[in-house]
Amino acid sequence: MAESQQQPEPIEKVSIIISKGSLEGVYPGLIMANGARMEGIEASLFFTFFGLDAINKDKHEHVKVATVGNPGLHLATWAGGFPGMSALVTHKLAQEMEKLDIPPIPEFVEMIADSGAPLYGCKASVDLFGLSEDDFIPQVEDIITVGEFYGLAAGGQIIFT
């Protein structure tokens with residue numbers, strides 16, 4: 001006699017935390033948020049620590065691949081430290097992503113915000129780095145505390161990238 005299989009509960013809401021300021025630290029959260037929105041799942045993004053670079057007006061166009069000590073690159077640590085190595089690897093990766101129609105960070109963030117996913121900056125990190133709301137792109141809905149983030153995330157899954 002076959003046992004009935006239970007279907008998993010559908011995901012209705014995700015809150016994604018982006019904490020790293022490198023290309024490979026920012027894109028996973030953006031891809032997950034975009035995928036959630038495409039599936040009709042409510043999504044919000046919370047940027048903390050160096051992840052704030054993805055929504056910082058002065059930095060979001062200049063996020064690079066971390067080449068020193070990045071095991072995914074299969075490069076010796078000393079080779080990753082050569083001048084221009086990060087820019088070179090970032091440029092090559094950007095070319096490959098363009099072939100796959102993956103937008104650059106500023107465009108991707110705007111596209112996600114336009115899909116209805118709110119963007120939030122972490123108040124503690126903003127204060128720590130001496131930033132203000134004026135430092136961020138207009139799509140940032142608010143600078144909030146971790147407690148406020150948990151309140152907004154209630155009832156959903158939290159994904160830390």
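I count a residue as buried under 20% relative accessible area, as exposed over 50%, and as partly exposed in between, with a 1.4 Å probe and protein chains only. Helices (H or I, at least four residues) and strands (E, at least two) are DSSP runs, numbered from the N terminus.

**Ground rules.** This is a predicted model, so I note that local features need pLDDT of at least 70, that side-chain atom pairs count only at pLDDT 80 or more, and that totals for chains, interfaces and linings use all residues. I number residues from 1 along each chain as its sequence is written, and side-chain values use heavy atoms, with hydrogens and water left out.

**Overview.** I looked up the elements and found six helices and five strands. Along the sequence I read β-α-β-α-α-α-β-α-β-α-β. The C-alpha trace spans about 60 × 45 × 25 Å along its principal axes. Of the 161 residues, 40% are buried. I also checked contacts, meaning heavy atoms within 4.5 Å. Among those between residues at least 6 apart in sequence, 70% join residues at least 24 apart.

**Strand 1.** I started with residues 13-18. Six of the six are buried, so strand 1 is largely enclosed by the rest of the structure. Which residues cover its two sides? I find Lys13, Ser15 and Ile17 buried on one side, and Val14, Ile16 and Ile18 buried on the other.

Next I looked for its partners, taking two strands as paired if DSSP finds at least two bridges between them. Strand 2 (residues 42-47) pairs with strand 1 in the parallel sense, over six bridges. There, Glu42 is the bridge partner of Lys13. Strand 5 (residues 157-160) also runs parallel to strand 1, joined by four bridges. In strand 5, Ile158 is the bridge partner of Ser15.

I then followed the chain through helix 1 (residues 23-38). Strand 1, helix 1 and strand 2 make a right-handed β-α-β unit. Right-handed here means that, with the strands pointing away from the viewer, the path from the first strand over the helix to the second runs clockwise.

**Val14.** Val14 counts as buried because its relative accessibility is 6%. Its contacts beyond four places in sequence include Ala36, Ile41, Ala43 and Ile159. Ala36 lies 22 residues from Val14 along the chain, yet their C-alpha atoms are separated by 7.7 Å.

**Cores.** For a nonpolar core I take a set of buried Ala, Val, Leu, Ile, Met, Phe, Trp, Tyr and Cys residues joined through side-chain atoms within 4.5 Å. The largest has 34 residues, and Leu30, Leu45, Phe47, Ile55 and Ile105 touch the most other members. Elements giving two or more residues to this core include strand 1, strand 2, helix 3 (85-99) and strand 4 (140-144). Helix 1 gives the most, with six residues. Apart from this core lies another, of seven residues, among them Tyr120, Cys122, Ile144 and Ala153.

**Helix 4.** Which residues of helix 4 are buried? I list Ile105, Pro106, Phe108, Val109, Ile112 and Ala113. Seen down the helix axis, they fall within an arc of 165 degrees, so they line one face of helix 4. That arc is taken over the directions from the helix axis to the C-beta atoms. These buried residues pack against helix 1, strand 2 and strand 3 (119-122). Beyond four places in sequence, Ile105 touches Leu23, Val26, Tyr27, Leu30, Ala54, His60 and Val63. Last, I noted Gly116, which follows helix 4 and has a positive phi, near 105 degrees.
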